[in-house]
Amino acid sequence: WRGMSDSGGRRIKRSIKIDMNSIKFCDNSMIERFKKFKVISDYINQKQSEINKHNLDNNINEEGLINGRSLTNIGTFRAYIEGYLHNHANIHNEMTFLVRQLAPESDGLPIEIYVFSNDTNWINYESIQSNIFDHLLAILSEFDLKVFQNPTGNDFKKNQTIKKSL
């Protein structure tokens, strides 16, 4: 408690588990869409330039995404999270700042956020943390990604309805 009070930051350490079936290489339309996101437009341009140079220097046919270097939706989402948090007024910029992939698990690929809020008040901290994750979960579909979620009763009902209609 004292360390938190003295540092002026309260730790946010939480993951979003991504459905690994939604991870893919970015196509040109995705890249053009991502360039419109202010938070990552510079990242996209820099990465695209770096990738194009690498592929050109190594005489790699860029039509086959698997042959050379390419952007992925998960890597771009991670870059978006970093940009979003770096620009967030309630994130402490002088403390540990980490957005990383953890080891894949049976219930998805965890993308962990490990940062500090600059407000140590518990109620404010919880609001800051919730607002951040509200935003990230809402924007996830813009990257053609899905959160991993165990099937619910409704999923099984939908499956039965589909089977009956066949």
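Analyst: In this predicted model, the buried residues of helix α3 include S41, I44, Q48, I51 and N55. These residues lie on the same side of α3 because they cover an arc of only 95 degrees around the axis. On the other side of α3, D42, K53 and D57 are exposed. The buried residues pack against two other helices, α2 (28-35) and α4 (73-86).

The length of α3 can be checked. The helix has 17 residues, 41-57, so at 1.5 Å a residue it should span 24 Å. Its end C-alpha atoms are 24 Å apart, which agrees with that figure. After α3 comes N59, with a positive phi near 50 degrees.

Now the sheet. It is open and made of three strands in the order β1-β3-β2, with antiparallel pairing. β1 (10-18) and β2 (98-101) are the edge strands, and each of them pairs on one side only. From one strand to the next, the twist averages 15 degrees. Between β2 and β3 (residues 109-117), which run antiparallel, there are four bridges. V99 has I113 in β3 as its bridge partner.

One more helix belongs with the sheet. Helix α5, residues 122-139, lies across β1 and β3. α5 runs at about 25 degrees to β1.

Key: Residues are numbered from 1 along each chain as its sequence is written. This is a predicted model: local features need pLDDT of at least 70, side-chain atom pairs count only at pLDDT 80 or more; totals for chains, interfaces and linings use all residues. Side-chain values use heavy atoms; hydrogens and water are left out. The expected span of a helix is 1.5 Å times one less than its number of residues. Buried means under 20% relative accessible area, exposed over 50%, partly exposed in between (1.4 Å probe, protein chains only). The arc is that of the directions from the helix axis to the C-beta atoms. Contact means heavy atoms within 4.5 Å. Two strands pair if DSSP finds at least two bridges between them. Axes are lines fitted to C-alpha atoms, for helices over the stretch in contact, and angles run from 0 to 180 degrees between N-to-C directions.
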